Amino acid sequence: MDTQIWTYIIVGATFALYVAVAIWARAGSTKEFYVAGGGVHPIANGMATAADWMSAASFISMAGLISFMGYQGAQYLMGWTGGYVLLALLLAPYLRKFGKFTVPDFIGERYYSQTARIVAVICALFVSFTYVVGQMKGVGVAFSKFLNVPFEWGVIIGVGIVFFYAVLGGMKGITYTQVAQFCVLIFAYLVPAIFISIIMVGTPIPQLGLGGNLEDGTSLLLKLDELSRELGFKEYTTSHNGKVDLFFVTAALMLGTAGLPHVIVRFFTVPKVRDARKSAGWALLFIALLYTTAPAVAAFARTNLINTVKNKEYAAVPSWFKSWEQTGLLKFEDKNGDGKIQYYNDKNAEYVMSVARPNGWNGNELTVDKDIIVLANPEIADLPAWVIALVVAGGLAAALSTAAGLLLVISTSVSHDLLKKWLMPDISPKKELGAARISIAFAVIIAGYFGINPPGFVAQVVAWAFGLAAASFFPAIILGIFSKRMNMQGAISGMVVGLVFTGAYIIYFKYGGGQPEDYLFGISPEGIGTVGMLLNTTVALVISRLTPAPPEEVQDLVENIRIPKDAGDAVAH
Amino acid sequence: MSEKNLNEYWKRNLRYLAILLGIWFFVSYGCSILFVDALNNIKIGGFKLGFWFAQQGSIYVFVILIFIYVYLMNKLDKEFGVDED
């Protein structure tokens with residue numbers, strides 16, 4: 001059977017599975033809709049959190065990014081895992097004890113302020129929308145590449161599936177579907193990685209294979225350093241760029257992870273405080289399965305790719321090369337007309353003078369899109385057709401599970417935080433559930449529309465989502481738990497300063513023509529959230545000491561969330 | 001729970017947090033970023049140690065830290081009688 005048919009079968013089977021799970025796990029109440037009834041087992045919640053967290057970017061793009069960044073790729077590996085330590089130790093147990101549905105709920109009650117709640121809702125909506133549109137685009141790309149469906153129809157099919165199980169099941173349906181999606185995506189990621197590890201370094205464990213020896217006895221990483229040098233690139237395993245930016249970007253990703261509403265809300269779904277702690281551990285363990293495999297995939301693919309193309313006759317390249325050329329992800333242009341592929345770093349002036357010119361090379365002739373590393377990896381390693389189909393199904397699982405989690409945050413923000421808590425406080429639970437369903441339906445459709453016509457800011461998901469989450473939610477929640485003295489005035493002014501500073505910096509350098517030379521201390525917009533977080537914290541602490549202490553009942557609330565006893569259910573009040 | 005007990009419980013919690021987050025900071029920002037060049041002079045198997053921390057080791061440590069925290073807090077909760085059973 002060819003790849004096309006396998007892809008239809010496997011993608012079709014996984015979609016049928018998601019729909020079946022969704023029907024089984026329908027939501028009957030607002031509590032089931034918002035937090036899955038608060039009765040999800042910690043391991044199941046860990047899997048769901050992992051699927052929720054690992055998006056199309058983690059599954060498809062990350063290994064490719066690392067492949068081209070080498071050591072520097074650590075900013076994503078650590079940045080997107082280290083935040084779970086902060087979540088588990090500083091946030092999850094206390095928010096579970098607090099026992100409400102959303103992050104704006106916590107901000108609103110802890111800071112006894114409708115303004116604070118509304119600022120939080122707006123941030124949650126903006127962050128989640130930026131994030132979800134990227135996922136929808138990923139779904140469209142996967143469909144159009146592998147199933148020969150036009151891009152728009154790809155998005156519409158994806159939207160239809162999410163629509164079905166999110167509207168029907170709410171958090172409950174989404175959680176159990178995500179458990180299934182996690183299994184699909186991790187299987188799809190590990191199978192090709194294990195095969196390739198066996199082929200290249202003779203061990204079935206990619207994490208060990210990364211430090212293994214190639215057939216000729218040289219170490220893989222040493223070989224990769226050597227190949228990189230030969231082509232004028234920087235050594236794969238050593239650090240080159242400034243450490244300041246690496247430090248700040250890693251920190252912004254960690255702090256942002258711990259402040260993203262769609263991640264935090266997952267810890268409202270478990271029965272007990274104890275389970276919230278444990279669940280964060282399981283989630284990170286499941287995430288680590290993929291995140292420790294990714295650097296191995298990156299190194300294998302980079303070595304394979306260089307060996308396949310380095311100064312080879314174009315006429316003699318393997319068939320996968322030609323088929324990926326058609327997609328435009330791989331481009332070859334014979335600049336010096338010698339019929340061979342010259343792939344090297346033509347930005348390296350010294351290399352160009354000493355190696356490229358004397359050899360008659362007229363510039364780098366091969367352009368490789370980073371996404372190809374995961375997508376084409378099975379073909380490059382000559383794996384069977386069903387493995388390639390599996391990778392497609394895995395990528396779709398990653399994109400759909402993340403999209404569903406984000407859409408739930410969006411709909412909850414509208415029906416619970418805006419309607420129930422602000423505009424229509426007298427709304428009945430039944431009507432609130434109806435409103436939640438309607439708003440998730442709208443959110444899905446709007447996300448689908450923007451997936452087809454993405455607005456400009458969406459390409460900057462990392463800078464926006466993580467920067468704003470780090471600069472606003474993270475400090476506001478942490479201070480709300482760990483500083484009893486923190487009051488409304490401090491928290492609001494902190495959030496406003498953090499948001500304005502971070503937002504202005506991102507806008508200036510991403511859209512306003514700011515140049516990298518002018519970065520503050522050399523910190524890129526992706527890392528500026530860390531500075532925003534520090535500003536927020538400082539302002540909040542200073543202002544709170546200059547203004548009256550929070551009311552007695554709020555101080556009691558803080559005392560109460562610090563101890564696990566009598567957590568009770570996540571209550572609708 | 002009495003005021004004094006609550007303070008003691010919270011203090012112990014904060015001490016655990018300081019130690020665990022200290023380790024968290026040390027492996028991720030220390031071993032993997034600030035001291036990476038020095039650690040790269042040490043080889044473990046086919047890995048330079050600094051590179052290994054940056055792309056593998058720190059993630060393993062993160063997972064272990066959370067489970068240690070779970071263990072410590074469950075014990076602490078029992079000791080102070082604030083567990084949920």
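Helices here are DSSP runs of H or I with at least four residues, numbered from the N terminus. The model is predicted.

**Exercise 1.** Which helices supply at least two residues each to the lining of the second largest pocket, and which residue classes make up that lining?

*Solution.*
- Start with the space: the second largest pocket holds about 400 Å³.
- Next, find its centre. Of the 20 lining residues, Leu86(A), Leu255(A), Phe474(A), Met533(A) and Trp24(B) lie nearest to it.
- Assign helices. Chain A provides α5, α11 (243-259), α21 (473-482) and α23 (528-546), and chain B provides α1 (3-34); each supplies at least two lining residues.
- Sort by class: 18 are nonpolar, 2 are polar and none is charged.

**Exercise 2.** How are α5(A) and α13(A) oriented to each other, and which residues meet?

*Solution.*
- Take the axes of α5 (residues 74-98) and α13 (residues 273-309), both of chain A. They lie 8 Å apart, at an angle of about 175°.
- Apply the cut-off: angles over 145 degrees count as roughly antiparallel. The two helices are therefore roughly antiparallel.
- List the contacts. The α5(A) side includes Tyr76(A), Trp80(A), Tyr84(A) and Arg96(A); the α13(A) side includes Val273(A), Arg277(A), Ile287(A) and Tyr291(A).
- Classify the contact residues: 15 nonpolar, 1 polar and 3 charged.

**Exercise 3.** What geometry does the ring pair Trp282(A) and Phe67(B) have?

*Solution.*
- Count first: there are 37 aromatic pairs over all chains.
- In this pair the ring centres are 5.7 Å apart and the planes stand at 80°, so the pair is edge-to-face.
- Locate the partners: Trp282(A) sits in helix α13 of chain A and Phe67(B) in helix α3 (residues 49-79) of chain B, so the pair crosses between chains.

Technical notes
Residues are numbered from 1 along each chain as its sequence is written. Chains are lettered from A and ligands numbered from 1 in the order in which they are written. This is a predicted model: local features need pLDDT of at least 70, side-chain atom pairs count only at pLDDT 80 or more; totals for chains, interfaces and linings use all residues. Side-chain values use heavy atoms; hydrogens and water are left out. Axes are lines fitted to C-alpha atoms, for helices over the stretch in contact, and angles run from 0 to 180 degrees between N-to-C directions. Angles under 35 degrees count as roughly parallel, over 145 as roughly antiparallel, 65 to 115 as roughly perpendicular and the rest as oblique. Contact means heavy atoms within 4.5 Å. Ala, Val, Leu, Ile, Met, Phe, Trp, Tyr, Cys and Pro count as nonpolar, Asp, Glu, Lys and Arg as charged, and the others, Gly among them, as polar. On a 1 Å grid over the protein atoms alone, a cavity is a set of points where a 1.4 Å probe fits but cannot get out, and a pocket is an open set with protein on both sides within 12 Å along at least five of seven lines; lining residues have an atom within 4 Å of a point. Grid points are joined across faces, edges and corners, and a volume is the space filled by probe spheres set on the points. Rings of Phe, Tyr and Trp (its six-membered ring) pair if their centres lie within 6.5 Å; planes under 30 degrees apart count as stacked, over 60 as edge-to-face and the rest as tilted.
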